[in-house]
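Reader: I have a model open and want to learn to read it. Please take me through a few features.

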Amino acid sequence: HKNLRLLSTLKLNTTTSSYFKSHLEESAKPYVTPSFVNNTLFQSSSNEWFDLHDPATNKVIAKVPQSTDQELEDAIATADKTFESFKNVSIIKRQQMLFKYVRLLRENHDRLASVIVLEQGKTFDDAKGDVLRGLQVAEYACSITTELLGTNLEVSTDMETKMIREPIGVVGSICPFNFPAMIPLWTIPLVIATGNTTVVKPSERVPGATMIIAELAKEAGVPPGVINIIHGKHKTVNKIIKDPRIKAVTFVGSNRAGEYIYETANALGKRVQANLGAKNHMIVLPDADKKQAISGIIGSAFGAAGQRCMAISVLVTVGDDAHSWIMPEIVAAAKALRVGSGFDPKSELGPVISKQALSRAESIIEQSVSAGKATLAIDGRGYRPEGFPEGYFIGPTILENVALDAPCYTEEIFAPILSVVNVPTLSDAIKLVNANPYGNGVSLFTTNGIHAKKFERNIDVGQVGINVPIPVPLPMFGFTGSRGSFLGDLNFYGKAGLWFMTKPKTITALWKTSLINENEGESVTSM
Ligand code: NAD
């Protein structure tokens, strides 16, 4: 579509550009997604390719390969071999690479965001946020020289124990479609910082940003073989989780895939961190600041078309009063949102990722309403922005009087659909959230500190917001989703992320100074 011209204003001077450049013309042919092994971009020799559709137009814009057996083998063998040398590159040199990497990611911020809009459909502002959250992890990784300090204690006279952390080896990464830049960047900078190597499989629906991220690492001076990108679906995933040369697996995506990946890789003795699905609730008390609460609900339920793992998909109003002032306000605010192509600067939300995702979301609405388990306050089904008749669009949708066994409550929908539930008290709201199998994020809106304190203490969710709708901590903390939203022990990024990629080693040494005193001259001269 014509707004692709935006891409032409961007810096297009590196190797991946040619893959995207062809797309500047209306009549462009689909570009071929390259792979990246040993710092070399190449076209797969596969005879199995997936079509990548622009979600705003349904047009096929790219071809993504199922990497061949040989290509998967080459990527893993390269990462494994490179680990032997990269683990010995000094931490100061790796830190210098990261400083340069941060600068390059920042310089290519708009370019990365454009590819995300093109392939994933989110608005340009949302795409810039996607890149920013990844860039912040790269900035955090620059602090490796202080974050990875060991410990040391003199445990008895002349005897010291020190604990250091050593890199773990090849890290395999399997990524989802909804944050094409942020999620590869949750791990790639930490791989560089800790002296590991990696094989990354981007989502087959959004590989473009990962290719640029890999290319920029090369430009930052990261040696060949440290970062390797391969493509595909189950076959690639199975290779990553089963190959003995891969020591740790990071996964972000749905429970269905994540539980299988966690169980399989774990049973083979690998370390696994798996961030999974979510059903995030926002609780609004009658004393909440109205403006703050309404803007929090609208941004977090409908932003990025509801396809953030931390999107709010359930609003819990507490008491009749809160319910009656909130409903008309959110209905009006949701109706005013502009749905359209991500390249249109006026759009506030774009399409969902695929035709299947759209029909699944529409059918969940239908099932919930026809079973009498929810009523429609706004119905966004069937909405098509002008000029985009084939896009996978759905307007903001609000379901009221939602029963707890309605599909719109029990399923993670991943679309701009908000279910509203009303409960009498804060204790009821806490009980409701704690009974939900997921534990990714939750937030409370109130002006009362005592209520906030009670909530903070009793809520069983890993990421808690108070007057903050999407409480994702900055990278010096960690992404601390819990219960059904996380499998593993060490979370992504922050100290836990560094610990995930390193293994502790203790060294206990005894140097008896009394020996020197007995044969003073001799010991000194023999040194
Ligand atoms: P997905 O599980 O369909 O795909 C994720 C990755 O797994 C992809 O690379 C895909 O190729 C692969 N995959 C898919 N099905 C597989 C299977 N059966 N076996 C092996 N591999 C498989 O997830 P998605 O649709 O790309 O992403 C959306 C999901 O990710 C949502 O559930 C969302 O909540 C979750 N998510 C969670 C977080 C978090 O931090 N908790 C962040 C982003 C997304």
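Author: We look at one helix, then at the ligand shell. This is a predicted model: local features need pLDDT of at least 70, side-chain atom pairs count only at pLDDT 80 or more, and totals for chains, interfaces and linings use all residues. Residues are numbered from 1 along each chain as its sequence is written.

Reader: Where does helix 13 bend?

Author: A bend is the angle between axes fitted to the seven residues ending at a residue and the seven starting there. Helix 13 bends by about 25° at Ile326, and Pro328 follows within four residues.

Reader: Which residues of helix 13 are buried?

Author: An α-helix has 3.6 residues a turn, so residues three or four places apart point the same way. Buried means 20 or more other C-beta atoms, placed from the backbone, within 10 Å of the residue's own. Here they are Ala322, Ile326, Ile330 and Ala334.

Reader: Which residues are closest to the ligand?

Author: A residue is near if its C-beta atom, placed from the backbone, lies within 6 Å. The shell has 29 residues; Pro176, Gly253, Ser254, Asn275 and Cys309 are the closest. Helix 10 (234-242) and helix 11 (255-267) each give two or more residues. Helix 11 gives the largest share, 3 residues.

How values were computed. Buried ≥ 20, exposed ≤ 12 C-beta atoms within 10 Å, placed from the backbone.
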